[in-house]
Amino acid sequence: MSGRLGGEVGLRPVTDDADTRGFFEAANQGRLAVQTCNVCGHQQQPPRPRCRSCHAADLGWQEVPGVGVIHTWTVVEHQINAHFPTPYTVVLVDVEPRPGEPPVRYLGHLPGRPHLRIGDPVTVTFVDLGDGVTIPNWDLAAGAAQHDTTDIGPA
């Protein structure tokens with residue numbers, strides 16, 4: 001990753017919550033995972049205590065591909081936390097969990113103001129925050145088009 005997420009990260013995710021624990025356990029193993037209903041197979045992100053489709057509470061975790069495309073983004077210009085120097089870009093990434101299935105969306109962070117286009121390819125990377133906490137994040141895929149940086153907004 002070209003810029004460290006939060007540098008000396010002062011904000012830490014809650015990794016021991018019953019609904020999100022599997023997500024962070026997978027990230028610690030270098031895997032991107034999505035909550036999956038063991039009854040109907042529905043996949044949902046963010047995780048919830050029950051399936052959005054059939055309302056079952058029998059949920060597990062399934063690994064998904066570590067590649068996706070930019071769905072949308074915004075550039076943060078106003079610094080509100082000393083651990084997150086501005087500018088930085090918050091990205092919403094579509095990952096196709098299984099061929100033909102609707103995408104699952106993940107949030108991420110890119111340093112600076114990269115010029116992005118909807119559909120730009122990204123790959124997952126894992127950021128070690130220390131103390132056994134790892135989170136997934138995204139990098140522009142190798143060979144992704146580097147666009148003119150004069151226009152920083154979504155198309």
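# Reading the model: pairs, rings and a sheet

User: Is arginine 31 buried, exposed or partly exposed?
Analyst: The relative accessibility of arginine 31 is 29%. Buried means under 20% relative accessible area, exposed over 50%, and partly exposed in between, with a 1.4 Å probe and protein chains only. By those limits, arginine 31 counts as partly exposed.

User: What pLDDT does the protein average?
Analyst: This is a predicted model, in which local features need pLDDT of at least 70, side-chain atom pairs count only at pLDDT 80 or more, and totals for chains, interfaces and linings use all residues. Residues are numbered from 1 along each chain as its sequence is written, and side-chain values use heavy atoms, with hydrogens and water left out. pLDDT is the predictor's confidence in each residue, from 0 to 100. Here 85% of the residues score at least 70, and the average is 87.

User: How many residues apart in sequence are the parts tied together by glutamate 63 and arginine 31?
Analyst: A salt bridge is a side-chain nitrogen of Lys or Arg within 4 Å of a carboxyl oxygen of Asp or Glu. Glutamate 63 forms one with arginine 31, with the closest N and O atoms 3.9 Å apart. Glutamate 63 sits in strand E3 (residues 59-63), and arginine 31 in the loop between helix H1 (21-28) and strand E1 (33-37), so the parts are apart by 32 residues.

User: Which residue forms a salt bridge with glutamate 77?
Analyst: Glutamate 77 counts as partly exposed at 41% relative accessibility, and arginine 113 does at 40%. The closest N and O atoms of this salt bridge are 2.9 Å apart. The pair links the loop between strand E4 (67-76) and strand E5 (88-95) with the loop between strand E6 (104-111) and strand E7 (121-130). The partner of glutamate 77 is arginine 113.

User: How far apart are the closest N and O atoms of arginine 98 and glutamate 101?
Analyst: Both partners are partly exposed: arginine 98 has a relative accessible area of 25%, and glutamate 101 is at 32% relative accessibility. They form a salt bridge, and the structure holds four salt bridges. The closest N and O atoms are apart by 3.5 Å.

User: Is the pair of phenylalanine 23 and phenylalanine 24 stacked, tilted or edge-to-face?
Analyst: Rings of Phe, Tyr and Trp (its six-membered ring) pair if their centres lie within 6.5 Å; planes under 30 degrees apart count as stacked, over 60 as edge-to-face and the rest as tilted. The whole structure has five aromatic pairs. In this one, the centres are 5.2 Å apart and the planes make 85 degrees, so by these limits the pair is edge-to-face.

User: Which residues do ring pairs link into a cluster?
Analyst: Phenylalanine 23 and phenylalanine 24 are both buried. They belong to a cluster linked by ring pairs. Its members are Phe23, Phe24, Trp61, Tyr106 and Trp138.

User: Which elements do the buried residues of H1 pack against?
Analyst: Helices (H or I, at least four residues) and strands (E, at least two) are DSSP runs, numbered from the N terminus. The buried residues of H1 are Gly22, Phe23, Phe24, Ala26 and Ala27. They pack against E1, E3, E6, E7 and strand E8 (133-140).

User: Which residue of E8 is the bridge partner of valine 122?
Analyst: E7 and E8 run antiparallel. Eight bridges join them. In E8, the partner of valine 122 is leucine 140.

User: Which residues is threonine 20 in contact with, leaving aside neighbours within four places in sequence?
Analyst: Threonine 20 is found in the segment before H1. Its relative accessible area is 19%, so it is buried. Its contacts are Val14, Pro47 and Trp61.

Conventions
Contact means heavy atoms within 4.5 Å. Two strands pair if DSSP finds at least two bridges between them.
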